[in-house]
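Please examine the structure shown below. The paragraphs that follow lead through selected parts of it.

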Amino acid sequence: MSARDNGAIIRSRQKSTKNLGSYVSNTLKDLGDKSPLLGWVSDMYSMAAKAQRNFSRVFSMGSKAMSGGGKGKKAVKVAVQNNLASKAGAVVYTGESVSHWQASSHRTQVAASSAQMLINHEEEYDVPEFVLPYEISEVHPLTAEFSDETYRWLARHHIDTQVGAQAWNKFMDEEIPGLAGHVYVDTQPKEFLWCCKYVALVVILDNVLDEPEVIEDPNKAATLILEINKVLMWFFSEDPHLRQYLKPLFNCVSADQRDDVVNSFSKSLAYAYTSSRSGLMSLKLQPISSAFRDLWLEYCESLPHECGLRMARYIQNYLLGCISETKNRKSQAFPTTLADYIPLRRQSVGMEPLIVVTDLFVKARQWPEIPNYVFYGPHMQRLLRALSDVTAWHNDVYSFPKEVLKRGDPHNLVFVISQEHGCSYMEAAIHAMEMINNRINDLETAAAYLQVEAPYSSQNAVAEYTRVCRQWVTGSHQWHQKSNRYNEDHRII
């Protein structure tokens, strides 16, 4: 990353700090001179400003926590000309703190056939270097032990048999539970095991939905995702939000089967309303849905109803993203602009549940949870969106050789940038890294505002959410460096 890029990030952070200063100044006026919260709000601003300065210092000095090329790889810096700014219709992402996507050309292409989006499988591609803005932590000490327990748990639900021996062995070789070990580093054992299992199950689901026979028959994907939704809604069957977003899932079922599926699902929800845990356990489910039922029961029985409902809504949103991508692959229609791709990718990456699980950690420490008016408020939602984008785009940069060059799947930020702006894959990847840095800036700004907005009783919970978000940035990167999941013999530059 150039000194000019660093300077742009620093100036953006300084502007965010000034905006926060104005917000706090107005808050202090509203509180009045005699408010007991006066000193506390001032302290919050000081802490946020200090965090902004520390971030600036990291970038101006150059972080020692470089990507390092991962296990057995050597990082080599090379000078690559980034000429995106000179391309016609170039889009510059300035972050939510300034504006949304702004383009000189306002044309929108919702979808195009794969024939219109030619993938150059021979073009050179290297993963650009990523300078980590946060300190790297050691992996959770129970990672190896709980990884083995996670594999045994999945096998007890016969998931190894469902996916087949070859896919199962490959899955274990990728060390998926290790991702939880890099992220949830300070989590207590019970909650950490839950995270290991959930992360592994989500990846298994992703693998199954990528299978050619599932892509060719959308009914298979819809049946599985509706079954998971049935479990998800068991304790929240009357929630209007969850009911509203069932319709897109039902629409994925073939017309000749749709009425039967809707009627069956409605009967299950009616039974759930008058039933209990035993009713949920009586359901006959596919292996993946059965494993999810285990996790969901444990989660809902550990937390207040409102916290379970938060998680239910975000898991359902993730499942909607999965089914959208599956439909795109079947119809050979894909998003071709950043404006269309980013919301879809933010949804299908499924990051919100992996952040909202922080409620488990808060409960384990016996801290008051974040109240709904703060959780569903603009600053928390901005925090969730920012981290979702960071992790999704970072994954796209790393998965590009496997997903795009090898498999031919255009659901990738690097590919969409290259198509929209007519640049090389390398130029697109470097621009994607710049976008990631801008979103980290947004994440920090949202966290600072959230600290000011949240009541004093929720400050521990807010700090835990912020810590988990930061740890996802570093932990995900470390895992991508080590895991075999995206190892396509590409270089790190």
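**An annotated segment, a helix pair and a loop residue**

An unreviewed UniProt entry places the feature "coiled-coil region" at residues 426-453; such positions follow the numbering used here, feature names are shortened, and annotations may be inferred rather than shown by experiment. The model is predicted, with local features requiring pLDDT of at least 70 and side-chain atom pairs pLDDT 80 or more, whereas totals for chains, interfaces and linings use all residues. Residues are numbered from 1 along each chain as its sequence is written, and side-chain values use heavy atoms, leaving out hydrogens and water. In the model, residues 426-453 are 100% helix and 0% strand, and the end C-alpha atoms of this span lie 41 Å apart.

Helix α7 (residues 189-209) packs with helix α15 (residues 305-331) at an angle of about 20 degrees, their axes being 10 Å apart. Helices here are DSSP runs (H or I, at least four residues), numbered from the N terminus, and strands are runs of E of at least two. Axes are lines fitted to C-alpha atoms, for helices over the stretch in contact, and angles run from 0 to 180 degrees between N-to-C directions. The helices α7 and α15 are therefore roughly parallel to each other (angles under 35 degrees).

On the α7 side, Trp194, Tyr198, Val202, Leu205 and Leu209 meet Met311, Ile315, Tyr318, Leu319, Cys322 and Thr326 of α15. By class, this contact of α7 with α15 has 10 nonpolar, one polar and no charged residues.

Asp239 lies in the loop between α9 (218-232) and α10 (240-244). With a relative accessible area of 10%, Asp239 is buried (under 20%, with a 1.4 Å probe and protein chains only). Beyond its neighbours within four places in sequence, Asp239 is in contact with Leu309 and Arg313 (heavy atoms within 4.5 Å).

Conventions
Angles under 35 degrees count as roughly parallel, over 145 as roughly antiparallel, 65 to 115 as roughly perpendicular and the rest as oblique. Ala, Val, Leu, Ile, Met, Phe, Trp, Tyr, Cys and Pro count as nonpolar, Asp, Glu, Lys and Arg as charged, and the others, Gly among them, as polar. Buried means under 20% relative accessible area, exposed over 50%, partly exposed in between (1.4 Å probe, protein chains only).
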